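Please keep the sequence and the structure in view while reading.

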Amino acid sequence: MANPSLKPQRKRAFSVANLPGFTTIAIVAFVALYLPIITLAAYSFNASQSVAVWGGFSLDWYAKAWANDQVKDATVRSLIIAVSASLIATAVATMAALGTTRRRSFKGQTFIYVVINQPLMVPEIVSAVALLIFFSSIKVATGYTGLGYLIIAHAAFCIPFAYLPIRARLEGMDLSLETAAADLYATPWQTFRKVTLPILAPGVMAGAMLAFVISLDDVVITEFVKSGGQDTLPTYMLGQMRRQLTPEINAISSMLLALTVVLLTLFFLLTRKNDQ
Amino acid sequence: MSSPAEQAQIAQSVRNGWLLSTPALIVLAFASLGPLIIVIVYSFLAPGKYGNVEWAFSLSGWRGIIYTKDIFSDEYVLADAHLAIFWRSIKLSFLTTLTTFAVGFPTAWFIATRAPKARAMWLFLITIPFWTNLLIRTYAINEVIRNEGLMNTVLLKLGLITQPIVIIYTDIAVFIGMTYVYLPLMVLPLFAAIDRFDMKLLEAGYDLYASRWQVLRRVILPIVKPGIIAGSILVFVPSLGAYVTPRVLGGGKQMMIGNLIDLQFGQGRNWPLGAALSMTLLMIVTIALLIYVRYANKETGGHG
């Protein structure tokens, strides 16, 4: 299968790796992934009040969303929760990954593994309902209704997302490097600091970013756990979708989308620099 | 065999393993596993008048899944609506997993076999939708398939149809939506698995006169299987418990289990039924995972 994007002096392995039809399916998949997002962004510039009719180019909906205090509050709240939760999740997940790999398998290791991955196995709506029941009684008992509930709930379901890439990185690691360091009289801490951690860093980064995104993306658990006036951006938007749709939702979505693209680009540039 | 010093070292290593894992276990016990156990308890209690529960043992929650009290005769009759919702959830999730794999595997393969620079670009393109909020993506697909959306507008303009194709608020809309939003979850683990795949094995396969199909079936699939399992789990589990996508694209009519559970904690005000439904959903997911793991193990055994 011809592929114009490849340079003529490509390696032999690439021609071997071509499977019939795969490139076509992949290109269709990419178009299908992007077409809806682009449509959504295009309609955010619609002057018309309705989302159905195109009424010419306008930036009104961005101005409206920008001036909307509810949107501002929700954005800040989303970021606070995502940063706190992903930091907690990554810290405890890194420790757990170090604790469950590269040592003789021990009794209880499977138990730890199952507990850590448990949020992945349980449908989100079930976790949401469970947290609603548990936290609502704590709220009544203690009177505390702050963001703490959302942060700890987010941290919990982010743990497996942080844990898996870190663990994968650790498992793929060459143990002989650490043995070599130990043979050269490095202390366990020196070995960890100078050998293990630098190799582990991309895994930790990947884990932290996954956790951050998963937290920022969350609708269901937040919708059930939040107290009054604790809307995050996703739950605010879900609430708006119940009412009449206006391109304001498109404008908010597009801004979030732009933020995503900027963050991702930064991440890619940073990691590329690190690799060299 | 091993000296006391070695044994002490092993014991120390195990202790460290537990110590390092403890913080994660505490967070999960408090905000994930513990609450789940409370749901089991709640499913055996009686519903309170205004939501919540009354602390008395009752099987009404569990009975309510299959039977419902007839309003007129006060007799228990089969809750057809519930069973239809369960069937729809399983059917749509299965279709979604299958479709995302059929599309996701070639996509992941395509990305993994590009030259390094191009590969980074394609990977970047798949991570953007992955990073984009699920609600936004659901809303985006809504913009395409709704009656006055992109698809119908284009088809009408081209004169291919005279009436808009109505798929919004149907099972098809929910299926398209879930396939769309969960596709990156399938592609990324598949990519990770294919990326580790040694392409020299393909040359070996072809050198030994294997056909493309044989190479795919006998060489590639067994090696990337961990990625396939991971991808399928990552798609199937959230599909079965989907809440946002059926709510937005199903329009409250084409409910899935997730929406039925939500109903019990909102308008329905029947927490024990909601708890019992949650546990049922959890059991279906667990059974699906067990079947899958068993099947996966058998496959590996057959090759060895």
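Leaving aside its neighbours within four places in sequence, which residues is A:Leu131 in contact with? In this predicted model, the partners of A:Leu131 are A:Ala153, A:Ile221, A:Phe224, A:Val225, B:Ala31 and B:Pro35. That list includes residues of chain A and of chain B. A:Leu131 is also one of the residues with the most contacts inside the largest nonpolar core.

**Chain A**
- The secondary structure of chain A consists of 12 helices and zero strands.
- Chain A is divided into two parts, domain 1 (18-61) and domain 2 (69-243).
- Taken over C-alpha atoms, the centres of domain 1 and domain 2 of chain A are 32 Å apart.
- Chain A has 276 residues, and 39% of them count as buried.
- Of the contacts in chain A between residues at least 6 apart in sequence, 74% join residues at least 24 apart.

**Contact between the chains**
- On the two sides, 75 residues of chain B are in contact with 79 residues of chain A.
- Helix H1 (residues 4-42) of chain B gives the most to the side of chain B that touches chain A, namely 24 residues.
- By residue class, that side of chain B holds 55 nonpolar, 15 polar and five charged residues.

**Largest nonpolar core**
- The largest nonpolar core has 148 residues, and those with the most contacts inside it are A:Val129, A:Leu131, A:Ile159 and A:Ala162.
- Helix H7 (residues 171-196) of chain B supplies the largest share of this core, with 17 residues.
- As background, nonpolar side chains in soluble globular proteins tend to be buried together.

- H7(B) is mostly covered, with 21 of its 26 residues buried.
- From its first C-alpha to its last, H7(B) reaches 37 Å, close to the 38 Å expected at 1.5 Å a residue.
- At B:Tyr182, H7(B) bends by about 40°, and the proline B:Pro184 follows within four residues.
- Helix H11 (residues 257-265) of chain B is largely enclosed by the rest of the structure, because eight of its nine residues are buried.
- The buried residues of H11(B) are B:Ile257, B:Gly258, B:Asn259, B:Leu260, B:Ile261, B:Asp262, B:Gln264 and B:Phe265.

**Loop residues**
- A:Tyr185 lies in the loop between helix H8 (175-183) and helix H9 (188-217) of chain A.
- The phi of A:Tyr185 is near 65°, a positive value in a residue other than glycine.
- A:Tyr185 has 7 other C-beta atoms within 10 Å, so it is exposed.
- B:Tyr169 sits in the loop between helix H6 (150-157) and H7 of chain B.
- Although B:Tyr169 is not a glycine, its phi is positive, at about 65°.
- B:Tyr169 counts as partly exposed because it has 17 C-beta neighbours inside 10 Å.
- B:Leu59 is placed in the loop between strand E2 (53-57) and helix H2 (60-66) of chain B.
- B:Leu59 has 12 C-beta neighbours inside 10 Å and therefore counts as exposed.
- Between B:Leu59 and B:Phe44 there are 5.6 Å in space, C-alpha to C-alpha, and the two are 15 residues apart in sequence.

How values were computed:
Residues are numbered from 1 along each chain as its sequence is written. Chains are lettered from A and ligands numbered from 1 in the order in which they are written. This is a predicted model: local features need pLDDT of at least 70, side-chain atom pairs count only at pLDDT 80 or more; totals for chains, interfaces and linings use all residues. Domain bounds come from an automatic or database domain assignment. Two residues are in contact if their C-beta atoms, placed from the backbone, lie within 7 Å. Helices (H or I, at least four residues) and strands (E, at least two) are DSSP runs, numbered from the N terminus. Ala, Val, Leu, Ile, Met, Phe, Trp, Tyr, Cys and Pro count as nonpolar, Asp, Glu, Lys and Arg as charged, and the others, Gly among them, as polar. A residue is buried if 20 or more other C-beta atoms lie within 10 Å of its own, exposed if 12 or fewer, and partly exposed in between; C-beta atoms are placed from the backbone. A nonpolar core is a set of buried Ala, Val, Leu, Ile, Met, Phe, Trp, Tyr and Cys residues joined through C-beta atoms within 7 Å. The expected span of a helix is 1.5 Å times one less than its number of residues. The bend at a residue is the angle between axes fitted to the seven residues ending there and the seven starting there.
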